[in-house]
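Subject: Structure handover

Hello,

Here is the structure for you to take over. My notes on what was found in it follow below.

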Amino acid sequence: MAAYLARRLAFSVFVLWGAVTIIFLVLRLVPGDPALLILGSDATPDQVAALRSQLGLDEPLLVQYGTYLADVARLDFGPSYRLSGDALGLVVERLPATAELAVVALSLSLLAGIPLGIVAALRANTFTDRVVSIFSLVGQSTPSFWLGIVLILVLSRTFGLLPSAGNGSPAHMVLPAITLALPFLAILVRLTRSGLLEVIHEGYVQTARAKGLTERVVIFPHAIRNALIPIVTVVGLQFGTLLGGTVIVETVFSWPGIGRLLIDSISHRDYGVVQAAVLVIATGFVLINLVVDVLYGYLDPRVRLAGRA
């Protein structure tokens, strides 16, 4: 297990390096002068040149990259020229709002997706199964930005049931959480259904039935336990995806999280904030998946045996 964990840690460091490198290259290769964008069209050439020198943009790309990696290692992303504050500090301030939205969306997905998948599997090829399958297909296929706009038009503008923007009360959480949760909920339904259908035909399940155990005891303690093993991995992957997926949802609902801050900073070429936000999101994704890998190693003995080998 220790060797398995060491490999996962090394891979996590590589992923973080790749994320910070990609965002560095993307920001430098996008057309336009960030110094001119920061100062505005009325800035003089001398002012633009001075800011370019201050930002290190007049250095060769490799020199900029080396300086950038050194700053990242020190968690120093510099100030935000748009918001007048420490770039990393601004991102950390928005982190609780994004984490809150992601956790609520994940909870909704788990509470609804797994039971629906179990019902569909236990009633396979019936009307109930078809309805649940159609629902999951539609949920997976619906773009988040479109669903968010529809929910705002129907539940907020037309009926006035829920607020459409901000985060002043629990009611503000409902629409963005549903919008963010629906695609993952649909994935959980399909994964739970297929996993349970595969497990209930295994020999140990048939043996439990042959011993005279009730169907409820056979399904829940025996079949469900093994069917949920791959779901643990998917939950970890999707929670990281939820952190990144909040970019669109937060923009649609004006939710004051990292996603909205990231979009605003990209449009204004606020290098420090963009780099800090990407690193925070990537770090969260990597840590979550590292925890899931460890849990998966304990849940599935084959992983532990592979680690020892």
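I start with D129, which is buried, with a relative accessible area of 3%. The cut-off for buried is under 20%, so D129 falls within that class. Please keep in mind throughout that this is a predicted model.

D129 takes part in a salt bridge with R193, with the side chains meeting at 2.7 Å, N to O. The two residues belong to distant parts of the chain: D129 sits in helix α6 and R193 in helix α8 (residues 171-199), and 64 residues separate them.

The structure holds 2 salt bridges. R74 is exposed, with a relative accessible area of 53%, while D71 is partly exposed at 22%.

Helix α5 covers residues 87-122 and helix α6 residues 127-141; their axes come within 8 Å and cross at roughly 140°. Angles over 145 degrees would count as roughly antiparallel and 65 to 115 as roughly perpendicular, so at this angle α5 is oblique to α6. The crossing of α5 past α6 is left-handed.

The contact of α5 with α12 has 5 nonpolar, 2 polar and 1 charged residues by class.

Loops and backbone

Two residues have a backbone angle to check when you go through the loops. L75 has a positive phi of about 55° although it is not a glycine. L75 lies in the loop between α4 (61-73) and β1 (79-80). N125, likewise a residue other than glycine, has a positive phi near 65°. N125 is found in the loop between α5 and α6, and it is exposed, with a relative accessible area of 63%.

Another loop residue is L213, placed between α9 (203-210) and α10 (215-227). L213 is partly exposed, with a relative accessible area of 36%. Leaving aside residues up to four places away in sequence, L213 touches A208, V218 and H222. From L213 to E250 the separation is 37 residues in sequence and 49 Å in space, C-alpha to C-alpha.

A residue in helix α13

N289 has its place in helix α13 (residues 271-299). N289 is buried, with a relative accessible area of 13%. Its contacts, not counting residues up to four places away in sequence, include G236 and L237. N289 and T207 are 82 residues apart in sequence, and their C-alpha atoms are 35 Å apart in space.

The chain as a whole

For the overall picture, the chain has 14 helices and 2 strands. Its C-alpha trace spans about 85 × 60 × 30 Å along the principal axes. Of the 309 residues, 40% count as buried. Among contacts in the chain with a separation of 6 or more, 74% are accounted for by residues 24 or more positions apart.

Regards

Conventions: Residues are numbered from 1 along each chain as its sequence is written. This is a predicted model: local features need pLDDT of at least 70, side-chain atom pairs count only at pLDDT 80 or more; totals for chains, interfaces and linings use all residues. Side-chain values use heavy atoms; hydrogens and water are left out. Axes are lines fitted to C-alpha atoms, for helices over the stretch in contact, and angles run from 0 to 180 degrees between N-to-C directions. Helices (H or I, at least four residues) and strands (E, at least two) are DSSP runs, numbered from the N terminus. Angles under 35 degrees count as roughly parallel, over 145 as roughly antiparallel, 65 to 115 as roughly perpendicular and the rest as oblique. A crossing is left-handed if the near helix is turned anticlockwise from the far one by less than a right angle, and right-handed if clockwise. A salt bridge is a side-chain nitrogen of Lys or Arg within 4 Å of a carboxyl oxygen of Asp or Glu. Buried means under 20% relative accessible area, exposed over 50%, partly exposed in between (1.4 Å probe, protein chains only). Ala, Val, Leu, Ile, Met, Phe, Trp, Tyr, Cys and Pro count as nonpolar, Asp, Glu, Lys and Arg as charged, and the others, Gly among them, as polar. Contact means heavy atoms within 4.5 Å.
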